[in-house]
Amino acid sequence: MTKKRKHQEDFQKVKLKVGKKKPRLENATDTTFKTKAIQIPEQLKEDGVLPTQNRKLNIKDLLSQMHHYSPGVKHNALLGLKDLLSQYPFVIDAHLSNIVSEVAAVFTDKDSGVRGAAVHLLQFLASKIRAEQIAPFFPLVSAHLSSAMTHISEGIQEDSLKVLDILLEAYPALLTDRSSILLKNFVELISHQQLSKRLKSREKLSWMLSVNPNRRVTSQQWRLNVLIRLKKFLQAVVDGSSEIEDEGLQEQKDSPRSVRNPICISWKVRANNQQCIQLFENGGLRPKINSSFRLRSLTGVMDSAEKGLSSAENLKGFIEIIIPLLIECWIEASPAQSAPILGNLLESDSQQLMQQVLSIIHLLWKLTKRHDETYKMDLWLRMNYLVDFKHHFMRHFPYSLQETAKHKKKDSCKGNKYCVTSSNSVDHLLLNLTLCDIMVSLASTSTLQMDSGWLDMIRRFVTDTLQDGSKLNSKQVNRLLGVTWRLMQIQQNKVATEPLIKAVYTLYQQRNLLFPVRTLLLKFFSRVYQKEDLRTQRIRSRSKVLSRWLAGLPQQLALLGLRNPELSNQLIDIIHSAASRSNKELLQSLQATAARIYDPLEGTLVLLPAEAQRRLVQLVYFLPCLPASLLAGLSRCCIMGRMSSELAATLIGILRMRSSFAGWKCQVQDNSVNDVDYFSFLFSTLIGFSREELTSLQGIRGKPHISQSQLSPVRLYLTDLDQFLHHWAVTEMICHSLSTIPSQSQCFDILQTGICKYLVGLVVIPDSTAGSVLCAINKLLDQACILSETLHKFLASCCYSLLYFLLTLDKEDAEHLQKRDMLWGSCISALALLPRLLRLMLQSLQVSRICREELPVVAQLLRLLMQHGQLRSHMITNEFLVQQIIKDIMTLKSGEVQEQWLTDLHYCFNIYLASHPQGPGPVNTVY
């Protein structure tokens with residue numbers, strides 16, 4: 001077989017026949033497949049569920065457009081986001097992560113319009129997002145901010161400052177946690193590293209100010225913008241630090257860690273061993289531990305870079321970098337560079353730059369105070385920077401603002417070609433004061449002789465400013481007083497400190513001072529007084545100016561009244577502090593002004609809020625003398641209801657401790673409270689109404705103010721419930737004070753004389769007064785006390801009037817129903833203690849003289865008296881009188897149908913009195 005034959009056998013052609021199916025090839029691909037449905041309900045929802053803005057775009061559409069290449073699309077997306085989120089704020093919480101990341105990403109966008117829209121959107125979001133919400137995403141925001149601050153584009157750098165402003169305003173704590181990176185960014189914005197041979201010698205890199213002619217603003221203006229933000233950032237660091245000690249009189253801001261939690265102590269409960277007082281070291285504040293050992297942080301060990309300015313090493317390193325740059329900025333703006341002829345006059349722009357330089361240095365000085373080795377830090381600052389500061393800063397001190405001439409319109413200046421105006425946005429005085437504050441912090445008592453030259457300049461400037469300080473604001477006064485306090489600490493002899501105190505007092509005496517200014521002055525004087533009082537008697541030398549200031553405080557308090565409660569509180573605290581130290585001048589002034597302070601009508605005591613009233617009541621304890629006129633005013637304050645009953649009880653207790661009946665084992669001050677005046681105070685307060693008020697009540701007739709019975713000569717004036725409860729609470733404290741007097745019989749005689757003299761004979765008596773008198777009688781009565789017949793009759797009339805009032809009360813009268821238990825208890829106790837009182841009251845029940853409407857009341861009264869356990873024996877003794885009263889009632893009701901109240905009276909008499917073995921039963925006689 002040939003090769004051609006074999007080839008044809010291997011590749012034989014298949015012949016296809018018509019109508020037959022084509023055979024399947026061996027290498028054919030199987031293209032069949034099977035499908036199954038997949039249900040995804042969430043992804044099949046329509047986009048219409050998400051809220052949209054006016055262009056019908058939802059949050060996902062807008063966020064996706066943030067990645068578009070076109071600046072216009074991104075700008076419109078940012079505007080649409082602000083529109084959408086303002087209409088639907090709940091979208092922020094649902095998509096917070098995406099929103100924050102996308103907005104932060106365009107901080108470094110090339111287009112200025114996109115960056116501007118991002119800044120506006122960030123401003124809007126900052127007002128809607130809380131710090132705890134954005135905290136997980138803040139590292140990303142901080143990273144984009146740092147990228148923008150160090151960007152090569154000048155426009156992006158300028159816009160990064162706007163972003164920084166928003167974050168500093170909304171999230172200062174979160175931003176200052178990353179201070180190590182941001183501080184370096186601040187430095188790089190205004191300077192660059194100086195490349196020289198020092199780099200090869202591995203010495204510290206030096207920085208020098210950079211000049212960029214491509215910026216839209218001048219280099220000086222750019223540095224000013226950066227330094228303003230650096231100052232804000234350092235201020236946030238200072239505010240977030242709770243360990244910084246207050247140097248001088250710096251602005252004090254309440255820190256959550258330094259809030260004192262006072263313990264409310266009830267001495268009554270404490271006396272009964274029902275309350276335990278627990279004392280803590282350091283007054284509840286976090287103690288400052290002077291130890292070289294520290295516990296490791298719970299969050300893990302952080303390196304020095306992560307600690308930021310909280311590390312002394314990092315703080316020193318930043319000071320070494322920034323201070324030379326700040327000095328260079330100062331030199332550029334100093335008057336010697338700008339106009340040598342002007343001397344110490346400054347232009348507005350230069351003054352602003354110099355102010356920011358000093359403010360940054362001042363904040364850095366504050367941060368150095370929080371470290372344990374403060375003394376070493378002060379020495380380091382003085383050694384490195386005092387010479388430069390004296391040469392550059394104090395060279396033209398003090399500085400003043402140059403008035404700049406500006407062109408004005410013809411209609412505003414008319415004939416004048418130029419109008420000289422002064423910028424109001426700068427404060428040259430604050431510049432000088434900040435400089436003084438920085439310089440005096442570098443001085444100390446040991447370096448007084450070396451620094452005497454420039455310290456005298458500062459002392460003269462401070463004195464002159466204080467004496468002519470009528471237009472000072474609170475910020476200026478705060479810095480001024482801080483410098484004054486530091487000067488007084490450096491040189492503590494009276495020759496140097498007295499002129500400074502006198503200058504401050506000159507400012508204090510000026511009228512119409514702002515409240516913050518007045519508050520700062522009060523704090524300063526209070527601090528000076530406390531510092532002076534801590535000195536030993538041997539070296540103490542009282543300042544005459546300080547004594548004059550203290551003596552004027554009570555008069556200022558009396559004149560101030562209710563016009564400024566906060567200022568009044570500060571005055572009260574200072575007065576209380578000086579009075580507790582027995583300051584002679586203040587106590588004499590307080591004694592002379594006491595009548596005006598404790599006036600019951602327009603005095604400071606009744607005008608101020610409750611807490612201030614409490615402090616004023618405590619001041620009564622320190623008064624050298626308590627005359628009768630002052631006690632009369634205090635009595636009126638207690639009973640008028642313009643201070644609480646608890647506070648009135650406190651005042652009564654203080655007066656008892658000042659009296660000769662307090663039981664002191666040691667000798668007390670002679671003639672502080674006269675015994676006669678003390679008893680007059682107690683009796684007047686017990687009565688609850690003045691003589692003039694009682695006289696005016698005698699003309700009132702009829703309901704609803706008067707409760708009158710035909711069987712009693714005493715008519716009751718129905719007081720308001722609040723007045724009644726207040727009077728009753730005061731009465732309990734008065735009864736307690738009376739019960740502590742050793743000779744109870746003599747005390748009772750005095751009370752009896754007062755009642756007979758001032759109350760017996762009155763036709764109308766307040767219900768609270770009648771109840772208070774009965775309460776006092778019950779408290780003081782013992783076997784040695786003898787009541788006069790006049791007092792017996794008066795008390796019997798009061799008892800029946802009160803009982804008649806209680807029995808005739810309407811159930812709907814909820815106000816007077818609350819008096820029932822107190823008045824009923826006083827009447828029953830008096831009737832149980834004084835059998836003759838019960839007999840006189842029963843004798844007064846002459847039913848033949850009353851109208852028929854009062855008969856059920858008398859019957860109900862007799863029934864209740866018979867049912868009462870404490871009075872049963874006395875009622876049995878007066879069985880004949882009760883029998884006679886019932887007989888008279890039956891006589892009046894003869895011939896009529898017997899009513900239920902009369903049946904109840906018969907039943908009670910038969911149960912409680914008729915069954916008694918003594919004497920015949922009255923029922924048999926009646927029937």
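## Overview

The protein has 45 helices and 9 strands. Both kinds of element are DSSP runs numbered from the N terminus, with helices (H or I) of at least four residues and strands (E) of at least two. This is a predicted model, in which local features need pLDDT of at least 70 and side-chain atom pairs count only at pLDDT 80 or more, while totals for chains, interfaces and linings use all residues. Residues are numbered from 1 along each chain as its sequence is written, and side-chain values use heavy atoms, with hydrogens and water left out.

Of the 927 residues, 46% count as buried. Buried means under 20% relative accessible area, exposed means over 50%, and partly exposed lies in between (1.4 Å probe, protein chains only). A contact means heavy atoms within 4.5 Å. Among contacts with a separation of 6 or more, 73% are between residues 24 or more positions apart.

## Helices α8 and α11

Two packed helices are described by the angle between their axes and the distance between the axes. Axes are lines fitted to C-alpha atoms, for helices over the stretch in contact, and angles run from 0 to 180 degrees between N-to-C directions. Helix α8 (residues 138–149) packs on helix α11 (residues 179–190) at an angle of about 15°, and their axes are 9 Å apart.

The crossing of α8 and α11 is left-handed. A crossing has this hand if the near helix is turned anticlockwise from the far one by less than a right angle, and is right-handed if clockwise. From α8, the contact uses Leu145, Ser146 and Met149; from α11, it uses Ile181, Leu182, Asn185, Phe186 and Leu189. By class, these are 6 nonpolar, 2 polar and no charged residues. Ala, Val, Leu, Ile, Met, Phe, Trp, Tyr, Cys and Pro count as nonpolar, Asp, Glu, Lys and Arg as charged, and the others, Gly among them, as polar.

## Helices α30 and α32

Helix α30 (residues 628–639) and helix α32 (residues 675–687) pack at about 20°, with axes 9 Å apart. This angle makes α30 roughly parallel to α32. Their crossing is right-handed.

On the α30 side, Ala628, Leu631, Leu634, Ser635, Cys638 and Ile639 meet Asp677, Tyr678, Phe681, Ser684 and Thr685 of α32. The classes here are 7 nonpolar, 3 polar and 1 charged.

Helix α17 (residues 348–368) has 21 residues and spans 31 Å from its first C-alpha to its last, close to the 30 Å expected at 1.5 Å a residue. The expected span is 1.5 Å times one less than the number of residues. Of the 21 residues in α17, 19 are buried.

Arg596 lies in helix α27 (residues 584–597). Its relative accessibility is 41%, so Arg596 counts as partly exposed. Leaving aside residues up to four places away in sequence, Arg596 touches Gln555, Ala558, Leu559, Gly603 and Thr604.

## Backbone points in loops

Most residues other than glycine have a negative phi, and most peptide bonds are trans. Lys56, in the loop between α1 (3–10) and α2 (59–65), has a positive phi near 60°. Lys56 is exposed, at 66% relative accessibility. Asn512, in the loop between α23 (494–508) and α24 (515–533), also has a positive phi, about 60°. Asn512 is exposed at 79%.

The peptide bond from Phe397 to Pro398 is cis, with omega near -5°. Pro398 sits in the loop between α18 (374–392) and β4 (400–401).

Key: Angles under 35 degrees count as roughly parallel, over 145 as roughly antiparallel, 65 to 115 as roughly perpendicular and the rest as oblique.
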